[in-house]
Amino acid sequence: MKGKNIIFAVILVTVMSSSLCWGASNKPFAIGGAGSGGGYYILGGAIGNLMTKNGMPSSVQTTGGGRQNAVLVDKGEVDFGFANAIEINEVYSKSKNKNIRAMVTAFPGYHHFLVRADQPMQTVRDIDGKVYGLTSRGSTHDVAGRQIFDVLGIEPKRIVNADRSDSGNMIQDGLIAGYFMSSGYPISSIMELQTNVTLRYLPFNDKDYAAVKSKCPWLSEATIPAGTYKDLKKDLKTFKSWNIMIAKKDIPEDVVYNILKVIFANDKNIQKTYHAAEFSKEAVNGFVVPLHPGAVKFYEEMGVKLSDKVLPPEMKK
């Protein structure tokens, strides 16, 4: 009997240890998504399902989007989330908690500045003094667009914040000159808009491109190929910023390590659910917030030479 009791105790301790590893009290890990049907929510669901199947119960929550996800992770109110590098940098730089840790790229967001083709506007600089849309207030598009305007000293006559559908209608009706969006291409709402109105895609002049590049290290050089949209006749030189999966810094190292193993082992299946998903090992050295220790372990095992600037403070002590 004593032997059986010892065996039972060992089993009990093992189960309890496993429970502590994958989430205390069997509470699922909370993943901050965005609105249901959006990219963050779909991708979060795909990764959450894989986590659950691999012993890490998870659930995706609807949220106000990337910036709110970064705030929620920083406050410890969700365990994981998705946000754009621009939003993560903004929240992290102002935070007293410094609780955000990067895990992996999710998908790139390409900067699209567009206008009606009958507008006398040829470059991004020409938005100055015009009525221009940045889609929904507080969205990634709004934050990223205002950031570009600030860097270049562009002052639109008025910035209009409305959802994608309403913004498209206002372009058609001539109420705004155009709008800005940052997402994987082709963007479906732009595809729909161009069936009703001819569009022009605004490039940066060389001076402005260099200024943005030097002042916004979270942005990478990018090109939207000619033909991506009906009215895009030549390659568009622009920027992209990564959307990133983030974690609370106190998530156990082995949990983050195992999530990354699951993601990279199932990347093709995840892309079937969300085609824009892109998990880049090489891009992690460009992150503007530190990696989670579990991510450091994973990428070093994958042979990635990590820059000191992405190592978390807790690993430098």
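The model is a predicted one, in which local features need pLDDT of at least 70 and side-chain atom pairs count only at pLDDT 80 or more, while totals for chains, interfaces and linings use all residues. Residues are numbered from 1 along each chain as its sequence is written, and side-chain values use heavy atoms, with hydrogens and water left out.

The protein has 11 helices and 10 strands, assigned as DSSP runs (H or I of at least four residues for helices, E of at least two for strands) and numbered from the N terminus. The radius of gyration is 22 Å, close to the 20 Å given by the globule rule for 317 residues, so the protein is as compact as a globular protein of that length. This radius is taken over C-alpha atoms, and the rule is 2.2 Å times the number of residues to the power 0.38. Along the principal axes, the C-alpha atoms fill a box of roughly 90 × 40 × 35 Å. Of the 317 residues, 52% are buried (under 20% relative accessible area, with exposed over 50% and partly exposed in between; 1.4 Å probe, protein chains only). Among contacts (heavy atoms within 4.5 Å) between residues at least 6 apart in sequence, 72% join residues at least 24 apart.

Helix 3 spans residues 66–75, and its buried residues are Gly66, Asn69, Ala70, Leu72, Val73 and Asp74. These buried residues pack against strand 1 (29–32), helix 2 (39–53), strand 3 (80–84), helix 4 (85–94), strand 4 and strand 10 (236–248). Gly76 follows helix 3 with a positive phi near 80 degrees. Ala247 lies in strand 10 and is buried, with a relative accessible area of 0%. Beyond residues up to four places away in sequence, Ala247 touches Val73, Asp79, Phe80, Asn99, Ile100, Arg101, Met103, Val256 and His292. Between Ala247 and Gln68, 179 residues apart in sequence, the C-alpha to C-alpha distance is 14 Å.

Arg101, one of the residues touched by Ala247, is placed in strand 4 (residues 100–116). Its relative accessibility is 2%, and Arg101 therefore counts as buried. The side chains of Arg101 and Glu314 are joined by a polar contact of 2.9 Å. Such a contact is a pair of N or O atoms within 3.5 Å; within protein, one must be able to donate a hydrogen and the other to accept it, and residues adjacent in sequence count only if both atoms are side-chain atoms. With neighbours within four places in sequence set aside, the contacts of Arg101 include Tyr92, Ile246, Lys249, Pro290, Leu291, His292, Pro312 and Pro313.

Strand 4 is also packed against by the buried residues of helix 11, as is helix 9 (253–265). In helix 11 (residues 293–301), the buried residues are Pro293, Gly294, Ala295, Val296, Phe298 and Tyr299.

Asn205 is located in the loop between strand 8 (199–201) and helix 8 (206–215) and, at 29% relative accessibility, counts as partly exposed. A polar atom of the Asn205 side chain lies 3.2 Å from the backbone nitrogen of Lys207. Asn205 and Pro252 are 47 residues apart along the chain, and their C-alpha atoms are separated by 46 Å.
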